[in-house]
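Biologist: I am new to this structure and would like to learn how to read it. Could you take me through it step by step?

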Amino acid sequence: MRKLSRWRQEIERKLITQAQLARRVRDLARQIERDFAGRDLVVVSLLNGTVMFLADLLRHLPLPMRLDFIGVSSYGEGAESRELIFTKELRLDVRGRDVLLVDDILDTGTTLKRVLAKLRELKPRRVKVCVLLEKKARRVERVRADYVGFSIPDLFVVGYGLDFAERHRNLPFVGVLRPQYYQIG
Ligand code: PRP
């Protein structure tokens, strides 16, 4: 067997394969197409983790739409102490429009809760949330997604846009990181 490169060795196993991702993303796009047909759609995507999911989702979404991004990053551990920093503000006007908010993972819900509150101040007609992954076990905030690719257990996942210390985003599958790489002590 070909020797894995060092960074690939940090991955314990694949959780969701490329084929599974492709199938599910197509299903989500079909659902979204049905729900938003004929609407004035603005897709708002959160940087940076959505990069792969968004690109694949949009190429299967044959609807007139506009696209914009919100940059948001979190620092610190745990939902209580986590600080969110907005690195890019929305530029498009969403007033009276239908917004599809796309994120890679719904974890504690802190990010989505803050972003949804910010978006709603801009008076869109409605906002629907689409996430590739969700970890139900970790939810702290009362926030739910309308479209969910996969519900996953509480594992440290990387790949297909998701990172560990900004690495592994380019893996074409969702993998589980070996605990020794993120556990301290
Ligand atoms: C990650 C992820 C979600 C958020 C989910 O963002 O992209 O936006 O955390 O966690 P929560 O539900 O507990 O708030 P991160 O700050 O790691 O930025 P990134 O997208 O650039 O990886």
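Modeller: Gladly! Let us begin with contact, which means heavy atoms within 4.5 Å. Leaving aside neighbours within four places in sequence, Ser45 is in contact with Thr50, Leu54, Asp68, Phe69, Ile70 and Val102. This is a predicted model: local features need pLDDT of at least 70, side-chain atom pairs count only at pLDDT 80 or more, and totals for chains, interfaces and linings use all residues. Residues are numbered from 1 along each chain as its sequence is written, and side-chain values use heavy atoms, with hydrogens and water left out.

Biologist: Is Ser45 buried or exposed?

Modeller: Buried means under 20% relative accessible area, exposed over 50%, and partly exposed in between, with a 1.4 Å probe and protein chains only. Ser45 counts as buried because its relative accessibility is 0%. Of the 185 residues of the protein, 44% count as buried.

Biologist: In which strand is the place of Ser45?

Modeller: Helices (H or I, at least four residues) and strands (E, at least two) are DSSP runs, numbered from the N terminus. Ser45 has its place in strand β2. The protein has five helices and nine strands, and their order from the N terminus is α-β-α-β-α-β-α-β-β-α-β-β-β-β.

Biologist: Which residues touch the most other members of the largest nonpolar core?

Modeller: A nonpolar core is a set of buried Ala, Val, Leu, Ile, Met, Phe, Trp, Tyr and Cys residues joined through side-chain atoms within 4.5 Å. In the largest one, of 28 residues, Phe53, Leu57, Leu100, Cys130 and Leu133 touch the most other members. At least two residues of this core come from each of α2 (18-36), β2 (41-47), α3 (51-59), β5 (98-106), β6 (126-134) and β7 (147-151). The largest share, six residues, is supplied by α2. Another core lies apart from it, with 22 residues, among them Leu46, Val72, Leu106 and Val143.

Biologist: What is Cys130 in contact with, leaving aside its neighbours within four places in sequence?

Modeller: The partners of Cys130 are Leu28, Ile32, Phe53, Leu57, Leu100, Leu101, Val102, Asp103 and Tyr147. Across the protein, 68% of the contacts with a separation of 6 or more are between residues 24 or more positions apart.

Biologist: And what does the radius of gyration say?

Modeller: The radius of gyration is taken over C-alpha atoms, and the globule rule is 2.2 Å times the number of residues to the power 0.38. For 185 residues, a compact globule would have a radius near 16 Å, and the protein's 17 Å agrees. Its C-alpha atoms fill a box of roughly 55 × 35 × 25 Å, taken along the principal axes.
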